[in-house]
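Me: I have a model open on my screen and would like to learn how to read it. Could you take me through some features one by one?

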Amino acid sequence: MKVLHIITGLAAGGAERQLLLTLRHLPRGYHSEVATLTNPGTVADALRAEGFTVHDLAMRGNRDLTVLPRLTRLIRRGRYDIVHTHLYRAGLYGRLAARLAGVRTVLATEHSLHAGTIEGRPVGAGVKSLYLAAERLGGSTVAVSGQVAATLAEWGVPRQRVHVLPNGIEAARYALPTASRAALRQTVRASLNVPPEAWVLGGVGRLVAGKRFSVLVDVLAGLPAERDARLLLVGEGPERAALERQAARLGVADRLICVGERDDVRDLMTAMDVLAAPSVEETFGVAVLEGLAAGLPVCHSACPALDELPAQAAPGALKVPSDAASYLAALSTLGARRSTALPQPPAVAHYDIARTAAELAVLYQRLGRGAKTPVRIGPRES
C-alpha cells in the first residue's frame with residue numbers, strides 16, 4: 001500500500017516527530033512518502049536519512065495557491081492509495097489536492113485542537129468554517145486523544161468520521177540498564193557543566209508561551225539554596241530570550257540551561273531528576289510520557305494521554321495547578337537527587353509507538369475497504 005503523508009512543515013515539533021516515529025514503526029507492506037508544504041527542517045533530514053522520500057513543495061506563505069496544482073500533480077504521478085495529512089494548512093491544501101487527483105482514501109490527523117485554538121492560535125469564525133469545509137473533502141479524521149475527538153464533535157464533525165488513535169513513544173529506547181544510565185547521566189551532566197550532586201529540574205518542548213516554562217523559571221528562583229538546583233530546558237522557540245531575561249531578573253541566569261533543539265532528548269533526560277510540564281493546553285502530552293519512560297517522576301498540569309487511563313497506570317506522575325507555588329510544593333515532596341530510574345509504568349506500554357503504528361495500519365486497511373466504523377484504542381488488557 002502506497003501512502004503519501006502531507007504535512008505543513010518538517011522542523012522539530014511534536015506532530016513532525018510523531019510522523020517520523022510512526023513511519024519508522026509502520027508494519028511491512030506500506031510504502032510511505034512525505035510531502036512538506038514548507039520548511040523542510042531537521043525532521044526532513046531525519047526522514048531522508050532513514051530512506052524515506054521527502055518532497056518539498058516550497059510554499060511561500062499561507063495564501064500561496066500555486067502549491068495546489070503542484071501538490072495535485074505530485075499525487076497523480078505517485079498513484080498513492082492513501083493521502084494522510086497532518087496539521088491545519090496541510091489539511092486544507094492536502095485534502096483538496098487529493099480530491100482533485102482522484103484519491104479515494106483521504107484522512108487527516110488532528111494533532112493540536114482545543115475549543116478555541118488550533119496549533120496554539122486563536123480560532124475565529126473564518127478559520128473554523130474553512131476547517132470544516134476542508135474536513136468534508138476528506139473521508140476521516142484521526143484524533144490523537146479523546147479530548148481532541150470531543151472538540152471535533154463540538155465543532156460539528158460527525159462522530160462516525162472520527163477515529164481516536166493516540167500518539168506514541170519509543171518505549172524501548174528509554175529503558176536503559178542501570179549501569180548504562182548512570183554512565184550516560186555522568187557524561188551528559190559533564191557536557192552541560194552540571195555538578196554530579198546538583199538537582200536538575202527538566203522541561204521539554206517548544207519554547208512558546210503556551211508551554212508556560214516561565215512557571216519553571218519562577219520555581220527555580222524559589223527553590224532553597226541547599227538544593228543546588230538547575231533548570232534544563234530542551235527545545236527552541238520565540239520565548240527563549242524572554243525566559244533568559246526572566247532568569248536574569250530573578251538572579252538565576254547561571255542556573256538556567258537552554259540547550260535548544262536536540263535529537264538526543266532521551267540522553268538529556270538522564271541528567272534530570274524530575275520532569276515538569278506546566279502547559280495547560282496539551283492535546284496529548286508526549287513529553288510527560290517520555291519522562292515516565294525515562295524513569296523520571298513527573299509533575300504536569302495537563303496530559304490527556306494520562307487522563308484517559310486509570311490513575312494506577314502512571315503512579316510516578318503528579319498533576320498540579322500551573323503556578324509556581326503549586327510546583328514548589330509538589331517538588332518539595334519528591335526529595336533530593338534521584339540517580340536511579342523508576343520502573344516504566346503501564347501507561348508507557350499502552351502508548352508504545354509499535355502498538356499505535358500497528359493500529360494505524362489496521363485503520364488504513366479498513367478505510368481502503370470502505371469501512372466506516374470509528375476506531376478507538378482502549379486500555380490494554382493485562
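Me: How many disulfides does the structure hold?

Reply: A disulfide is a covalent bond between the sulfur atoms of two cysteines. The test here is a pair of cysteine sulfur atoms within 2.5 Å, and the structure holds zero disulfides. Before we go on, a word on the source: this is a predicted model, where local features need pLDDT of at least 70, side-chain atom pairs count only at pLDDT 80 or more, and totals for chains, interfaces and linings use all residues. Residues are numbered from 1 along each chain as its sequence is written, and side-chain values use heavy atoms, with hydrogens and water left out.

Me: Are C258 and C303 buried or exposed?

Reply: Go by relative accessible area: buried means under 20%, exposed over 50%, and partly exposed in between (1.4 Å probe, protein chains only). C258 is buried at 16% relative accessibility, and C303 is buried at 0%.

Me: How do I read a sheet, and what is the strand order in the open sheet of six strands?

Reply: Strands of a sheet pair through backbone hydrogen bonds, either parallel or antiparallel. Helices (H or I, at least four residues) and strands (E, at least two) are DSSP runs, numbered from the N terminus, and two strands pair if DSSP finds at least two bridges between them. In this open sheet the order is β12-β11-β10-β13-β14-β15, with parallel pairing. β12 (256-258) and β15 (317-319) are at the edges; each has a single partner strand, so one side of each lacks a neighbour in the sheet.

Me: Which residue of β15 is the bridge partner of C299?

Reply: That partner is L318. β14 (residues 298-300) and β15 pair in the parallel sense over three bridges.

Me: Which helices lie against these strands?

Reply: Angles run from 0 to 180 degrees between N-to-C directions, using axes fitted to C-alpha atoms, for helices over the stretch in contact; contact means heavy atoms within 4.5 Å. Helix α10 (residues 240-249) lies across β11 (229-234) and β12, at about 165° to β12. Helix α14 (residues 324-332) packs on the sheet and touches β10 (199-204), β13 (274-277), β14 and β15, at about 160° to β14.

Me: What about β1 and β2?

Reply: β1 (residues 2-7) and β2 run parallel, joined by six bridges. H5 has V34 in β2 as its bridge partner. As for cover, five of the six residues of β2 (residues 31-36) are buried.

Me: Where is E197 found, and is E197 buried or exposed?

Reply: E197 is in the loop between α8 (178-191) and β10, and is exposed, with a relative accessible area of 51%. The C-alpha atoms of E197 and R227 are separated by 9.0 Å, though the residues are 30 apart along the chain.

Me: Finally, how many helices and strands does the protein have?

Reply: The protein has 16 helices and 15 strands. Along the principal axes, the C-alpha trace spans about 65 × 45 × 40 Å. Of the 382 residues, 55% are buried.
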